[in-house]
Amino acid sequence: MINNEICVILPNSSPSLQLTRMLKAAIGTYDANIIKSPSLIFTLQNKKILFCLELNELGFDLEMLSFLSSLLKSKENTFNGSTGALLVHSKTELYTKRAAQDIIFICNGLGCSFIGQPLVEATISLKNFLTWQKTKHHSLDHICLEMCEQLVLRLMKITPIVLLNEKLTVLFSTPHKTSNTMDLWKMVKKNLIGCKFDEIQIENGKIHDCKGCSFKTCLHYSKQNSCFYGGAIVESVLHSIEIANTIVWLCPNYNDALSANITAMINRLTVLYRKINFHSKNVFCIVVSGNSGSDSIAKQLIGALNINKGFRLPSGAFLLETANDPLSIFKVKSVNSTAKSFAQNMLKQINNS
């Protein structure tokens, strides 16, 4: 029996007319349980959840943040087994993606998975839909509402992913023997029993950043399983990602930003993105910071890989640690236990996805 119920989390007491219309278009004929307060929650586990944000002039939905803060205080894994998507409306031209990244990061840590491309965002002018207008030939408002409808349709119809193979593609750019990020990955890897690994180093000088070809040019190369630059990125990396169900990104924190090679790799995914969608592919990420800021890197990855490129974000997708000096990761309290738990969650999410 198909469950047509969707939980709508909308704690904002005065949503705009635009967000109200977006929500109406999104839920359509589905049975919507609209939740305004944590006190009204029976359970949020094993649900399809739509988070609705109304951003103020500074880019915050304070009532949503208060709502999630209450859940954080109550218990962990509030959203275990649930899958989410988001509608976001801003009173300015800014903040929609940043706000979405924040909510996804918080809720993913509470057990919520997110479908690939889980966001419909509407800025005050709706100018963010201009790109779609080139092909859809409708008003910006019409396109917005249509995309809201399609978003929830995808959310409600998600099905378990059929594993193509047991191989995990693991991408990294730091080869150093004293890399805390690589050492943490090795702790995780030894607990991934039964998996095979295609570990690929994105080497300095071996990858060019995206040239920014036109859509037609990029599509032309993608149909030939190639790219403007060609080379190792096409011959090994893109092929490995194409056939894998799970991609693991190893990302040390460089100045509170992704490394240049990892950023270039993400940009170069566009040619493969033109060929296939990534909705059936899981992403997991390991981030190690010297001092702080691992959450900044995690949110960059959410924006680039989940919101933009459309990879599925499984529950508990991030392992974040702080370790500065070489080998200091081994001194982190309970690090082996943390790595084992992360690996066990990976196996659970991969097998149940």
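Helices and strands here are DSSP runs, at least four residues long for a helix and at least two for a strand, and they are numbered from the N terminus. Keep in mind that you are looking at a predicted model. The protein chain holds 12 helices and 10 strands. It has 353 residues, and 51% of them count as buried. Take the contacts in the chain with a separation of 6 or more: 84% of those are between residues 24 or more positions apart.

**Two helices that cross: H1 and H5**

- Two packed helices are described by the angle between their axes and the distance between those axes.
- For helix H1 (residues 17–27) and helix H5 (residues 140–156), the angle is about 45° and the axes are 7 Å apart.
- Angles from 65 to 115 degrees count as roughly perpendicular and those under 35 as roughly parallel, and H1 and H5 are therefore oblique to each other.
- Their crossing is right-handed.
- On the H1 side, the contact is made by Gln18, Arg21, Met22, Ala25 and Ala26, while H5 brings Asp141, Cys144, Leu145, Cys148, Glu149 and Val152.
- Sort the residues of this contact by type and you get seven nonpolar, one polar and three charged.

**A closer look at glutamine 18**

- Glutamine 18 sits in helix H1.
- Is glutamine 18 buried or exposed? Its relative accessible area is 15%, and the cut-off for buried is under 20%, so glutamine 18 is buried.
- Setting aside its neighbours within four places in sequence, glutamine 18 is in contact with His89, Leu126, Asp141 and Cys144.
- Two of those names, Asp141 and Cys144, also turn up on the H5 side of the contact between H1 and H5.

**Salt bridges**

- Side chains of opposite charge can pair when their charged atoms come close.
- How many salt bridges does a search of the whole structure find? The count is nine.
- One of them joins lysine 47 and glutamate 5, whose closest N and O atoms are 3.7 Å apart.
- That pair links distant parts of the chain, 42 residues apart: lysine 47 is in the loop between strand E2 (31–35) and strand E3 (48–55), and glutamate 5 is in strand E1 (residues 5–9).
- Both partners are partly exposed, with a relative accessible area of 21% for lysine 47 and 29% for glutamate 5.
- Another salt bridge pairs glutamate 54 with lysine 91, with 3.5 Å between the closest N and O atoms.
- Here the partners are 37 residues apart, with glutamate 54 in strand E3 and lysine 91 in the loop between strand E4 (83–90) and helix H3 (96–109).
- Glutamate 54 is buried at 3% relative accessible area, whereas lysine 91 is partly exposed at 37%.
- A further one brings together the side chains of lysine 189 and glutamate 199, at 3.1 Å from N to O.
- Lysine 189 belongs to helix H6 (residues 180–189) and glutamate 199 to strand E7 (residues 196–201), so this pair ties together parts that are 10 residues apart in sequence.
- Lysine 189 is partly exposed at 28% relative accessibility, and glutamate 199 is partly exposed too, at 36%.
- There's also a network: Arg98, Asp102 and Lys299 are joined by salt bridges that share partners.

- Why is H6 described as largely enclosed by the rest of the structure? Because eight of its 10 residues are buried.
- The buried residues of H6 are Asn180, Thr181, Met182, Asp183, Leu184, Trp185, Met187 and Val188.

- Most residues other than glycine have a negative phi.
- Leucine 126 isn't a glycine, yet its phi is positive, about 65°.
- You'll find leucine 126 in the loop between strand E5 (113–122) and helix H4 (130–136).
- With a relative accessible area of 10%, leucine 126 is buried, and it's among the contacts of glutamine 18.
- Serine 334 isn't a glycine either, and its phi is positive at about 60°.
- The spot for serine 334 is the loop between E10 and H12, and with 46% relative accessibility serine 334 counts as partly exposed.

Note on methods:
Residues are numbered from 1 along each chain as its sequence is written. This is a predicted model: local features need pLDDT of at least 70, side-chain atom pairs count only at pLDDT 80 or more; totals for chains, interfaces and linings use all residues. Side-chain values use heavy atoms; hydrogens and water are left out. Axes are lines fitted to C-alpha atoms, for helices over the stretch in contact, and angles run from 0 to 180 degrees between N-to-C directions. Angles under 35 degrees count as roughly parallel, over 145 as roughly antiparallel, 65 to 115 as roughly perpendicular and the rest as oblique. A crossing is left-handed if the near helix is turned anticlockwise from the far one by less than a right angle, and right-handed if clockwise. Contact means heavy atoms within 4.5 Å. Ala, Val, Leu, Ile, Met, Phe, Trp, Tyr, Cys and Pro count as nonpolar, Asp, Glu, Lys and Arg as charged, and the others, Gly among them, as polar. A salt bridge is a side-chain nitrogen of Lys or Arg within 4 Å of a carboxyl oxygen of Asp or Glu. Buried means under 20% relative accessible area, exposed over 50%, partly exposed in between (1.4 Å probe, protein chains only).
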